[in-house]
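My entries are below the display.

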Amino acid sequence: MSSRLPVEIDPYQLAAQNASLEGQLAVEKFKRFSNALATQTGQVRISLLFYSTGDGDCCVSGYCEADVQLICQRCLMDFDYPLKAEIRLGFVGNESLVEKLPDGFEPYVFDVRKKIHLIDLMEDELLLKLPMTPSHVGVGECDPEIIDYIAARESKVETDKQENPFAVLKTLQKL
Ligand SMILES: [Zn+2]
């Protein structure tokens with residue numbers, strides 16, 4: 001078991017060795033992922049096992065997880081979000097091999113002449129697990145003052161919209 005994670009991996013080689021990879025990488029190294037977070041601190045914990053099911057395939061099972069902070073889209077405050085991506089991927093060199101993968105494995109089509117960047121691979125899985133519209137679980141957990149403020153501002157916008165649009169023109173004519 002390796003506690004140091006390689007930058008690039010050759011999944012076929014790892015599967016032939018039945019290798020496991022375990023370790024942590026700083027959240028900030030995952031550029032696209034960390035851009036979606038409230039803070040770029042913390043670690044992504046990774047645990048992967050590479051193997052073949054005997055049919056010349058190349059699979060990886062495991063997970064990557066991180067305790068991150070997201071910005072609530074209701075009250076705009078940060079909140080803790082434990083994120084875990086279960087990983088079950090089958091590496092294939094071309095689309096025609098996808099159907100040969102064991103059940104339950106997502107195909108990962110790649111150029112077999114090149115190695116795979118581990119961070120890119122894990123980052124795709126993490127991004128899939130991010131909620132589209134992050135928010136506190138219950139509205140009761142949102143910051144009440146900010147919720148009130150936003151509600152007040154929105155009702156003011158509504159009132160402004162209802163005002164006679166010609167009033168604006170009149171103001172302009174006076175200039
Ligand atoms: Zn909230």
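Entry 1, domains. I am working from a predicted model. I looked up the domain assignment, and it gives domain 1 as 8-137 and domain 2 as 143-175. I then checked the separation of the two: the C-alpha centres of domain 1 and domain 2 lie 46 Å apart.

Entry 2, E4 and E5. I took strand E4, residues 59-71, and strand E5, residues 78-92, and found them paired in the antiparallel sense over 13 bridges. Opposite Leu 70 I found Phe 79 of E5. The hairpin of E4 and E5 has 6 residues between the strands, and in it I noted Leu 76 with a positive phi near 65°.

In which sense does E5 pair with strand E6? I found a parallel pairing over 4 bridges, with E6 covering residues 106-109. Here Val 92 stands opposite Val 109 in E6.

I looked up the largest nonpolar core and found 27 residues in it, with Val 44 and Met 122 having the most contacts inside it. Two or more residues of this core come from each of helix H1 (11-16), strand E3 (43-51), E4, E5 and helix H3 (118-129). E4 gives the largest share of this core, 5 residues.

Which residues is Met 122 in contact with, leaving aside neighbours within four places in sequence? I found Val 44, Ile 46 and Cys 64.

Definitions and conventions:
Residues numbered from 1 in each chain as written. Predicted model: local features only at pLDDT ≥ 70, side-chain atom pairs only at ≥ 80, totals over all residues. Pairing = 2+ DSSP bridges. Domains from an automatic or database assignment. Core = buried A, V, L, I, M, F, W, Y, C linked by C-beta atoms within 7 Å. Buried ≥ 20, exposed ≤ 12 C-beta atoms within 10 Å, placed from the backbone. Contact = placed C-beta atoms within 7 Å.
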